[in-house]
Amino acid sequence: MIETAGILPAHRIRDLFDAGAIVSARPLDADQIQPASLDLRLGTVAHRLRASFLPGGGATVEDKLGYLTLHDLDLTAGAVLETGGVYLVPVLESLALPDDVSASANPKSSTGRIDVFTRLITDHGVAFDQIAAGYHGRLWVEVSPRTFPIKVRAGSRLSQVRFRRGDARLDDMALAALHARYPLVDREPRFEHGLTLSIDLAGAGEGALIGYRARRHTSVLDVDAKAAQDVADFWEPIKARGRPSLILDPDEFYILVSREAVQVPPETAAEMVAIDPLVGEFRVHYAGFFDPGFGHAPAGGKGARAVLEVRSHDVPFILDHGQTIGRLVYERMVEMPATLYGQGMGSNYQAQGLKLSKHFRA
């Protein structure tokens with residue numbers, strides 16, 4: 001039997017656990033499996049590194065830890081990861097994938113929105129965030145807080161992994177057909193190797209909140225504590241004033257929002273990918289996975305916008321209202337998920353507008 005190409009939904013991920021293709025060092029959290037992804041949990045030790053690395057085809061992660069590790073942190077009771085540091089943490093889940101199943105990883109939405117850069121590494125890996133079909137071995141997450149010092153512990157969930165069979169990306173013609181069935185955006189769409197999104201710097205008019213810029217030299221942010229921090233202690237609000245534009249200061253971190261309300265229909269999953277670097281001197285969206293049902297009205301998501309984590313590069317750069325900021329690439333699901341994003345699976349950002357991470361009090 002030839003299996004359908006596509007992203008594996010939650011019940012297929014559970015099948016991988018039942019078959020021993022995914023193994024965990026402790027029982028799963030109740031909401032760890034999402035509609036089209038699996039959250040990864042940090043293990044008990046964080047290795048503070050001299051530098052980031054990839055093992056390469058001829059080496060394991062352990063082969064290089066001996067001479068790259070500066071010191072170790074015990075995460076059993078929690079520890080603080082400092083800004084600017086590079087840490088490598090083994091996760092509690094390991095893999096023995098079938099030969100026809102590969103995977104990719106991304107930071108969770110709440111991780112990206114606090115400017116924590118994470119990348120997954122495998123033994124013999126030659127690229128970050130990629131797991132080869134048939135991979136057998138441990139998984140490691142590189143963690144680098146960029147703006148806020150963070151407290152993590154064994155079991156903290158910073159990254160997520162999406163499993164796929166084959167290549168089921170939708171080309172622009174297929175996206176146009178999908179848009180005719182489910183409006184993927186609330187305005188005229190632009191398809192350029194995915195659904196193109198633009199930036200909202202006008203909001204509701206003069207004085208409206210259009211974004212946030214991260215403060216420096218803050219207190220520690222506990223990644224597992226919901227609604228525990230005051231927004232003003234970590235963020236400066238940005239309001240619409242005069243011309244709808246924003247100068248991005250070099251190496252500053254911003255939370256902005258798309259002009260479009262977007263939808264990910266139930267039979268698809270999506271991922272935000274970077275635009276061509278020739279279009280702008282900035283990086284957008286560390287946390288790229290959009291689950292089936294995001295923005296889908298029957299799942300309570302009508303009007304959901306894409307929240308954008310934006311960082312300028314080496315020079316100041318002006319963003320104008322409506323400027324292209326990124327694109328969503330859609331993939332087919334192998335099967336329809338039993339539960340959609342927003343339907344009781346720890347979905348924090350359904351029907352969102354401009355919204356900070358779950359760590360901050362509304």
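## Cores, sheets and salt bridges in a predicted model

Asp 222 is partly exposed, with a relative accessible area of 21%, where partly exposed covers the range between buried (under 20% relative accessible area) and exposed (over 50%), computed with a 1.4 Å probe on protein chains only. The structure is a predicted model, in which local features need pLDDT of at least 70 and side-chain atom pairs count only at pLDDT 80 or more, while totals for chains, interfaces and linings use all residues. Residues are numbered from 1 along each chain as its sequence is written, and side-chain values use heavy atoms, with hydrogens and water left out.

**Salt bridges**

A salt bridge is taken here as a side-chain nitrogen of Lys or Arg within 4 Å of a carboxyl oxygen of Asp or Glu, and by this rule the count comes to 27. Asp 222 takes part in one of them, with Arg 153 as its partner. Because Arg 153 lies in the loop between S13 and strand S14 (157-165) and Asp 222 lies in strand S17, this pair ties together parts that are 69 residues apart in sequence; helices (H or I, at least four residues) and strands (E, at least two) are DSSP runs numbered from the N terminus. Three of the pairs are set out below.

| Salt bridge | Closest N and O atoms |
|---|---|
| Arg 153 and Asp 222 | 3.0 Å |
| Glu 236 and Arg 213 | 3.3 Å |
| Asp 251 and Arg 216 | 3.8 Å |

Glu 236 is partly exposed at 28% relative accessibility, and Arg 213 is partly exposed at 25%. For the pair of Asp 251 and Arg 216, the relative accessible area is 39% for Asp 251 and 33% for Arg 216, and both are partly exposed. Salt bridges that share partners also join Asp 29, Asp 31, Asp 39, Arg 41, Glu 93, Lys 108 and Arg 157 into one network.

**Sheets**

Strand S17 belongs to an open sheet of 3 strands in the order S7-S13-S17, with mixed pairing, two strands being paired if DSSP finds at least two bridges between them. Strands S7 (79-81) and S17 (221-222) stand at the edges with a single partner strand each, so one side of each is left without a neighbour in the sheet. S13 (residues 150-152) and S17 run parallel and are joined by 2 bridges, with Ile 150 having Leu 221 as its bridge partner in S17. Another open sheet, of 4 strands with antiparallel pairing, has the order S15-S26-S21-S23. Within it, strand S21 (residues 268-273) and strand S26 (residues 324-332) pair over 6 bridges, and Val 273 stands opposite Arg 327 in S26.

A nonpolar core is a set of buried Ala, Val, Leu, Ile, Met, Phe, Trp, Tyr and Cys residues joined through side-chain atoms within 4.5 Å. The largest has 51 residues, and those with the most contacts inside it are Leu 38, Ile 131, Phe 163 and Trp 235. A second, separate core of 34 residues includes Tyr 182, Ile 210, Ile 238 and Leu 256. In helix H2 (residues 61-68), Val 61, Lys 64, Leu 65 and Leu 68 are buried. Seen down the axis, the buried residues of H2 fall within an arc of 115 degrees, so they line one face of the helix, the arc being that of the directions from the helix axis to the C-beta atoms.

Most residues other than glycine have a negative phi. Asp 115, which is not a glycine, has a positive phi of about 60 degrees, and Asp 115 is buried with a relative accessible area of 0%. His 193 also has a positive phi of about 60 degrees, but His 193 counts as exposed at 66% relative accessibility.
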